[in-house]
Each structure stands twice: as structure tokens, then as C-alpha cells.
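Subject: A structure for you to explore

Hi there,

Here is the structure I promised to pass on to you. Have a look around it first, and then read on for what turned up.

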Amino acid sequence: MTPLGALGRGVLAGIVGTAAMTAYQELLPGAGDSKDPSWEDAPAPAQVARRILSGVFHADVSADKIPLLTSVVHWAYGTAWGAVYGLVQGTVHANPLLHGLLFGTSVWGLSYAQLVPMGIYEPPWTYPAKTVAKDLSYHLVYGLGVAAAVDTLD
């Protein structure tokens with residue numbers, strides 16, 4: 001497989017994995033948008049987008065854009081990581097189940113490594129175990145979805 005082919009498979013798999021994660025999140029209790037969105041309660045993807053838009057482009061972003069920004073960043077981030085998975089899997093050809101679980105766990109850990117310094121998340125050990133487990137489960141579903149998609153496309 002060429003690197004471009006592996007990248008393309010990874011992008012498609014990232015979309016599939018993000019769709020699986022999104023569906024899983026929506027099935028769990030407590031999912032859904034707030035009736036009156038506020039930046040204090042905004043999901044992490046929207047907060048990241050707001051920081052980029054305000055810091056780089058000096059744009060003031062209203063809270064009514066939270067759902068849109070959440071979706072755009074969530075899907076872009078998941079798709080981008082899928083591309084990385086596709087490139088790695090195209091090289092190492094690891095067991096998809098094992099590699100998917102490892103990949104999902106890695107993306108989960110990297111999200112904390114990025115969001116804690118930004119002040120959007122606290123370190124994982126400060127949250128209740130149930131909260132951390134739920135967040136990890138989202139990423140495990142994502143990783144398995146990406147791995148299954150790449151394996152199917154191969």
C-alpha cells in the first residue's frame with residue numbers, strides 16, 4: 001500500500017470512528033445540547049475553536065456558535081487522527097483490535113495533554129473515576145471504529 005493510500009484509508013476511517021464515537025456519546029445519559037449555551041459550559045472542542053478564533057483571528061465568537069464549533073472541531077480532530085492511524089497501520093500492520101484499543105487510549109491521553117495546559121480540562125486524576133472511565137470509553141469506541149474501518153478497507 002502506498003503512503004497516500006494509507007492516508008486516504010485513515011481519513012475515511014477517522015470519519016467512521018468519529019461517527020461511532022458520536023453515536024455512542026448520544027446514546028449515553030446526559031447527552032444533548034444545552035437549551036441556553038454558555039462558554040462556561042461549552043464542550044472542549046468549542047472552547048478550542050473559540051481560543052483559536054479569538055487568539056489568531058481576533059474574532060469575537062458568540063455563544064450561539066457553540067454547537068457548530070463543537071461539531072466542526074470534533075469531526076476535524078477525529079478525521080485527522082484517523083489519518084495518522086492509517087499511516088501507522090499501513091506500516092506496522094498490527095492486530096486491529098489491539099491497535100484500535102491502544103490508539104483510542106493514546107488519543108484520549110493526548111487530549112488531556114493538550115487540554116490541561118490550555119486550562120480547558122483539569123488533570124485526569126482530579127476527576128471522579130466514573131467521569132474518566134466514561135471519557136476513556138468514548139475514545140476506545142473511536143479507536144475501535146477507526147481500526148475496524150481501516151481493516152475493512154484493506
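Predicted model: local features only at pLDDT ≥ 70, side-chain atom pairs only at ≥ 80, totals over all residues.

Which residues of helix 5 are buried? They are Val132, Asp135, Ser137, Tyr138, His139, Tyr142, Gly143, Gly145, Val146, Ala147, Ala149 and Val150. These buried residues pack against helix 1 (3–27), helix 3 (66–92) and helix 4 (96–115). While you look at them, one general point is handy: an α-helix has 3.6 residues a turn, so residues three or four places apart point the same way.

Next, turn to how helix 4 meets helix 5. Their axes are 7 Å apart, and the two helices pack at an angle of about 135°. Helix 4 and helix 5 are therefore oblique to each other, and helix 4 passes helix 5 in a right-handed crossing. On the helix 4 side, the residues making this contact include Pro96, Gly100, Phe103, Val107 and Ser111. On the helix 5 side, Val132, Asp135, His139, Tyr142, Gly143, Val146 and Ala147 are among them. Sorted by class, the contact has 14 nonpolar, six polar and two charged residues.

Helix 4 also packs against helix 3. The axes of helix 3 and helix 4 come within 11 Å and cross at roughly 135°, which means that helix 3 is oblique to helix 4. This crossing is right-handed. How many residues of each class does the contact of helix 3 with helix 4 have? There are nine nonpolar, six polar and no charged residues.

Now for helix 1. Its 25 residues reach 36 Å from the first C-alpha to the last, close to the 36 Å expected at 1.5 Å a residue. Its buried residues are Ala6, Gly10, Ala13, Gly14, Gly17, Thr18 and Met21, and they pack against helix 3 and helix 5.

Thr22 is in helix 1, and, leaving aside neighbours within four places in sequence, Thr22 is in contact with His74 and Trp75. Thr22 and Tyr142 are 120 residues apart in sequence, yet their C-alpha atoms are 8.5 Å apart in space. The other residue is His74, in helix 3. Is His74 buried or exposed? Its relative accessible area is 17%, so His74 is buried, the cut-off being under 20%. Again leaving aside neighbours within four places, His74 is in contact with Thr18, Met21, Thr22, Gln25 and Pro45. Its C-alpha atom is separated by 9.0 Å from that of Ala44, 30 residues away along the chain.

Finally, take a look at two loop residues. His58 sits in the loop between helix 2 (44–57) and helix 3, and His93 lies in the loop between helix 3 and helix 4. Phi of His58 is near 55°, a positive value in a residue other than glycine; for His93, also a residue other than glycine, phi is positive too, near 50°. With a relative accessible area of 68%, His58 is exposed, and His93 is exposed at 55%.

Happy exploring!

Notes. Residues numbered from 1 in each chain as written. Heavy atoms only, no water. Buried < 20%, exposed > 50% of the residue type's maximum accessible area, 1.4 Å probe, protein only. Helix = DSSP H or I, 4+ residues; strand = E, 2+ residues; numbered from the N terminus. Contact = heavy atoms within 4.5 Å. Axes fitted to C-alpha atoms, helices over the stretch in contact; angles between N-to-C directions. Parallel < 35°, antiparallel > 145°, perpendicular 65-115°, else oblique. Left-handed = near helix turned anticlockwise from the far one by under 90°. Nonpolar A, V, L, I, M, F, W, Y, C, P; charged D, E, K, R; others polar. Expected span 1.5 Å × (residues − 1).
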